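Here is a friendly note to go with your first look at this structure. The points below go through some salt bridges and then a pair of packed helices.

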Amino acid sequence: MSDSRRGESYRHSRAASAARYPSGSGALTPHAPVAGPSIQIDENRYLVSDETPEAGDMLNHSCEPSCGLVGANALVAMRDIEVGEDLTFGYATCDSSDYDEFECLCGEPSCRGVVTGLDWTKPELQAKYAGWFSPYLSRRIAASHCGETSATRSAPPVHADRMDLAGPPTTLRTRPLIYVDGVVDQGDLATATRLVLGCEEAVIGRLDSSSDNIVSKLSVSSMDRDNSCFFLDGDDVVGMLLIEKDPYEMVTGVDAYTLPWPGTREVRIEALRRGLEVARRHRQESGSSEWKARSGGYVADEAYASVMTELGMTPVRRFYRMQIESASPLIPDEAPALPPGVEMVPGAADDETRRIVYRIDRDAFSDHYGWADYPYDDWWEHMSASPSFTPDDWWLVTVEGEPAAICLLGEGRAQYNEGYVMVLGVLKAFRGRGLAQLALQRAFVHYRDLGRRATLLGVDATNTTGAVALYEKVGMAPVMIMEAYEHALLTPADPSPRPS
């Protein structure tokens, strides 16, 4: 992966956390100096490898790096990387200590000669690496600039529409995300990933979305690519607005990300305001007064909640992410046996079976918040397009030959060594027979045997089927709370909206 023969600078390698510590292992050392492969992740705090470094620990410095930090300890490509090219990153994006100063022999034309713990303070490096700094350095830089935003990588040509705001920055521009043959440009994917994960790190102190989640978010057919965009202050990417148009539920989904957060509140306000304007156009085009806008986020993100409230959005629903750790004694040693008359068969084996799964998914949730009668082709495109789609882990449960329930697993959390139950649904006629508990316990065993740390799922905290109580009964507990906000987009001539 790296070439230790290239010079002095390569004696000082880093713990490449995405490869070496995928589930947060490794030692946290609170004081400098640090010996051996390490990465500084906070003020006087370091992640170090063990006594026998592995290849993944050795990620070298370059003054023209190929990779950049997202959050405190994850690395993503900053640009296209050639086969056989070294994976490198700039140590200025994480170092602020003098424990690792050395002469740099990276050989790049822009080589600065000496790498020190004060390089992050250089204005030219702050501009070059803005958006790629470790969160603790981003906070330092933001404080030193009195709230000014900073730059990211060089951006493609942008639209020249300008928006004057009440607060800094005074001028914003936008440009659309670039897609090539229907696939998001790799550079834009890296920028979007930086924004999404950076916002998560700022709010909950860790990364949450997987790379598959972000690819899916940018690739769904409902994405309004004409109106989704990056926000730029000068040539610096400071935010992103993602808009989905769902004609079946009659909802415009609006997701806004800005960095550094919460120091870019005015940019976030402008992004969400623009999203609501697009939603109003969607509503007008639909001809329906029922059309609404929806956004949301972590309950812990009080700053974003205040932005949504300020723009007239109201909280409508809370959702739990629940989990059970694979070491839990409540997980049976073996997958529970199927009762007489009950069978569990692959749910994506053929088109006929998939259509049965589709009907159960539609009917089991017909009285739930957010339900819409999606056509089969749209449903299947959405379910199968995700990179985390695993058809072998779709289970259809039958009782005496009659389709009764579904349990659809996915790999959307595999990056964090976690299993995920995407859909668990039981038809009303078969509820009360223990089918959901049976499927869940088999899923727990399945993921434990794969070596996963835990099994997770998401649930509407206020649904009326008793789902939360069931999940608590089998040993799951909430570990995250999200909240959905909506805007009715009403005009004076509209009647009052019906309650959700």
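1. A salt bridge here is a side-chain nitrogen of Lys or Arg within 4 Å of a carboxyl oxygen of Asp or Glu. By this rule the count comes to 28 salt bridges.

2. Before going further, please keep in mind that this is a predicted model, in which local features need pLDDT of at least 70 and side-chain atom pairs count only at pLDDT 80 or more, while totals for chains, interfaces and linings use all residues. Residues are numbered from 1 along each chain as its sequence is written, and side-chain values use heavy atoms, with hydrogens and water left out.

3. Which residues does Asp208 meet in a salt bridge? One is Arg206, at 3.8 Å from N to O, and another is Arg321, at 2.6 Å from N to O. Asp208 lies in the loop between helix 4 (186-204) and helix 5 (211-219) and Arg321 in strand 18 (residues 314-325), so this pair ties together parts that are 113 residues apart in sequence. Helices (H or I, at least four residues) and strands (E, at least two) are DSSP runs, numbered from the N terminus.

4. Are Asp208 and Arg321 buried or exposed? Both are buried, with Asp208 at 3% relative accessibility. Arg206, in turn, is partly exposed at 37%. Buried means under 20% relative accessible area, exposed over 50%, and partly exposed in between (1.4 Å probe, protein chains only).

5. Have a look at Lys428 and Asp367 too, whose side chains meet in a salt bridge (3.8 Å, N to O). Lys428 sits in the loop between strand 22 (418-426) and helix 10 (435-449), and Asp367 in the loop between helix 8 (351-364) and helix 9 (376-385), so that distant parts of the chain, 61 residues apart, are linked. Lys428 is exposed at 52%, whereas Asp367 is partly exposed at 41%.

6. Finally, the helix pair. Helix 6 (residues 265-286) and helix 7 (residues 302-310) pack at an angle of about 45 degrees, with their axes 10 Å apart. Axes are lines fitted to C-alpha atoms, for helices over the stretch in contact, and angles run from 0 to 180 degrees between N-to-C directions. The contact (heavy atoms within 4.5 Å) is made by Arg265, Arg268, Ile269 and Leu272 of helix 6 and Tyr304, Ser306, Val307, Met308 and Glu310 of helix 7.
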